[in-house]
Amino acid sequence: MTLRLGFTMLALVAFATQASAFEISSPSVSNGKWDAKYLGDKPGCGGQSVSIALAWKDPPAGTKSYALTMFDTDANGGKGFWHWLAWNIPASAKALREGAGAQSGSRMPKGSVQGKGGVGRAGYFGPCPPPGSGDHHYVFTLYALGEKTLRIPANPLPEMISVAAKSSALGQATVTYTYGR
């Protein structure tokens, strides 16, 4: 019994160490300052919806692909808003360059798919909180998946992508950036 408990504890420590090493970040945003080009491109937003650059390191062993979500937790009275959804990003990718989230998908790594977010189109849609609504929290979550292809139906709802990614994840890395106006 003691030996089994020892192995279990060792496995948990190893998993926690590996999971905590998986990180995502962006050189594009700092201290809540977003260049105007990264903001939403709808009237009144003031931007061009150029996706920020993202980089990650130390994914869990066995990662075969990634899924990415960008979610504003403060929008719609706290119900949230999906800004970017992408999956089937190859395991060989260690970053998404600035502008990778273009609607065409042509700037994403080969094999990647982008889903429709809250604005009803595929690709990145930048921050666009209502004036005076305070800082909004934009949560970027990168899921390291144990399969090459995320199993979801055609034209999935954003929530379906998130649930499928969570259920297939070997680990996840999250970074939150704020923006308000």
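Q: Which side chain meets Glu98 in a salt bridge?
A: This is a predicted model. Glu98 sits in the loop between strand S5 (95–96) and S6, and its partner sits in the loop between S1 and S2, 61 residues apart. The N to O distance is 3.1 Å, and the partner is Lys37.

Q: Is Lys37 buried or partly exposed?
A: Buried means under 20% relative accessible area, and exposed means over 50%. Lys37 has 27% relative accessibility, so the residue counts as partly exposed.

Q: How many salt bridges does a search of the whole structure find?
A: One of them joins Glu98 and Lys37. Another joins Glu23 and Lys57, at 3.9 Å, N to O. Asp41 and Arg121 also meet in a salt bridge. The search of the whole structure finds three.

Q: How many residues apart in sequence are Glu23 and Lys57?
A: Their side chains meet in a salt bridge. Glu23 lies in strand S1 and Lys57 in strand S2, so the pair ties together parts of the chain whose separation in sequence is 34 residues.

Q: Is Arg121 buried or exposed?
A: Arg121 meets Asp41 in a salt bridge of 2.7 Å, N to O. Asp41 is partly exposed at 31% relative accessibility. The cut-off for buried is under 20%. Arg121 has a relative accessible area of 16%, so Arg121 is buried.

Q: Which residue forms a disulfide with Cys45?
A: A search of the whole structure finds one disulfide. Cys45 lies in the loop between strand S1 (23–25) and strand S2 (54–57), and its partner lies in the loop between S6 and S7, so the bond ties together parts 83 residues apart in sequence. The sulfur atoms are 2.0 Å apart, and the partner is Cys128.

Q: What is the handedness of the disulfide of Cys45 and Cys128?
A: Cys45 is buried at 5% relative accessibility. Cys128 is partly exposed at 24%. The torsion about their S-S bond is about -85°, so the disulfide is left-handed.

Q: Which strands are the edge strands of the open sheet?
A: Five strands form the sheet, with antiparallel pairing, in the order S6-S4-S3-S7-S8. An edge strand pairs on one side only. Those strands are S6 (113–114) and S8 (169–179).

Q: Which residue in S7 is the bridge partner of Ala67?
A: Strand S3 covers residues 65–72 and strand S7 covers residues 136–145. The two strands pair in the antiparallel sense over eight bridges. In S7, the bridge partner of Ala67 is Tyr143.

Technical notes: Residues are numbered from 1 along each chain as its sequence is written. This is a predicted model: local features need pLDDT of at least 70, side-chain atom pairs count only at pLDDT 80 or more; totals for chains, interfaces and linings use all residues. Side-chain values use heavy atoms; hydrogens and water are left out. Two strands pair if DSSP finds at least two bridges between them. Helices (H or I, at least four residues) and strands (E, at least two) are DSSP runs, numbered from the N terminus. A disulfide is a pair of cysteine sulfur atoms within 2.5 Å. Buried means under 20% relative accessible area, exposed over 50%, partly exposed in between (1.4 Å probe, protein chains only). A salt bridge is a side-chain nitrogen of Lys or Arg within 4 Å of a carboxyl oxygen of Asp or Glu.
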